[in-house]
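This report describes one protein model in plain terms. Please look through the sequence and the structure before reading on.

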Amino acid sequence: MSDHTPPAPIADRARALETVLKKKQLVPERHTADFTHTAEEEWSAKNGAMVVAKAWKSPEYRSRLLDNGTSACAELGFEGPQGEYIVALEDTPSLHNLIVCTLCSCTAWPVLGLPPDWYKSFEYRARVVRESRTVLHEMGLDIPEDVEIRVSDTTAETRYMVLPCQPEGTEGWSEAALAALITQDVLIGVALPKTE
Ligand code: FE
């Protein structure tokens, strides 16, 4: 750009783009509304939460999930774009997994939903690889020094989800109660399941 006009806010740019595409008749009728509905209602971290809860309850499901994340998520009906190659990363007491897309903003849409804004920020993408422990601390998560942090960078078609350790004291809980502990942040690895 030759001048120094700041770029318009994202919503304005999206609206401008939509107007032009409609004018050129490149957007089928209802496409935007349908896509928005799917993105907001169907692609949700609540799905990933159900996957984690089931994996905590069922050792058989857990091993299927770790063996083939895509088909294990599809068992629960969670499949579709950006979910063709889902890999579940298993936390252990000595290993904490963390997800980033250093190139852009990829997440496994069917189980994590669309990425949050901070996940797309240049700062997160650049820093979490080099100083993950510090970035997590700044985000309110302190991982003990003796726990390894493994950062997985989304590549090509692979989309990750974190399978966290089940919190102590939740052994008898129902799947629904367990799922309620899992947020999108937990599935990305920047938070741990909280029981209170
Ligand atoms: Fe990306």
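Among contacts in the protein chain between residues at least 6 apart in sequence, what percentage join residues at least 24 apart? The share is 69%, where contact means heavy atoms within 4.5 Å.

This is a predicted model, in which local features need pLDDT of at least 70 and side-chain atom pairs count only at pLDDT 80 or more, while totals for chains, interfaces and linings use all residues. Residues are numbered from 1 along each chain as its sequence is written, and side-chain values use heavy atoms, with hydrogens and water left out.

**Overall layout**

The C-alpha atoms of the protein chain fill a box of roughly 55 × 35 × 30 Å along the principal axes. The chain has 11 helices and 4 strands; these are DSSP runs, with helices (H or I) of at least four residues and strands (E) of at least two. Domain 1 covers residues 10-40 and domain 2 covers 44-188, with bounds from an automatic or database domain assignment. Taken over C-alpha atoms, the centres of domain 1 and domain 2 are 30 Å apart.

Of the 196 residues in the protein chain, 38% are buried. Buried means under 20% relative accessible area, exposed means over 50%, and partly exposed lies in between (1.4 Å probe, protein chains only). In soluble globular proteins, nonpolar side chains tend to be buried together. The largest nonpolar core here has 45 residues, and Val51, Leu65, Cys73, Val111, Tyr124, Met161 and Ile182 touch the most other members. Helix α3 (residues 45-57) gives this core its largest share, 7 residues. Such a core is a set of buried Ala, Val, Leu, Ile, Met, Phe, Trp, Tyr and Cys residues joined through side-chain atoms within 4.5 Å. Leaving out residues up to four places away in sequence, Leu65 touches Val51, Ala55, Ala72, Cys73, Ala88 and Leu163.

**The iron site**

The iron ion has the protein donors Cys101 (SG), Cys104 (SG), Ser105 (N), Cys106 (N) and Cys106 (SG), at 2.1 to 2.6 Å. Donors are N, O and S atoms within 2.8 Å of the metal (3.2 Å for Na, K and Ca); water is not among the atoms, so sites may look incomplete. In sequence the donor residues are spaced C-x2-C-S-C. The table gives the accessibility of some of them.

| Residue | Relative accessible area | Class |
|---|---|---|
| Cys104 | 35% | partly exposed |
| Ser105 | 23% | partly exposed |
| Cys106 | 16% | buried |

A search of the whole structure finds 0 disulfides, that is, pairs of cysteine sulfur atoms within 2.5 Å.
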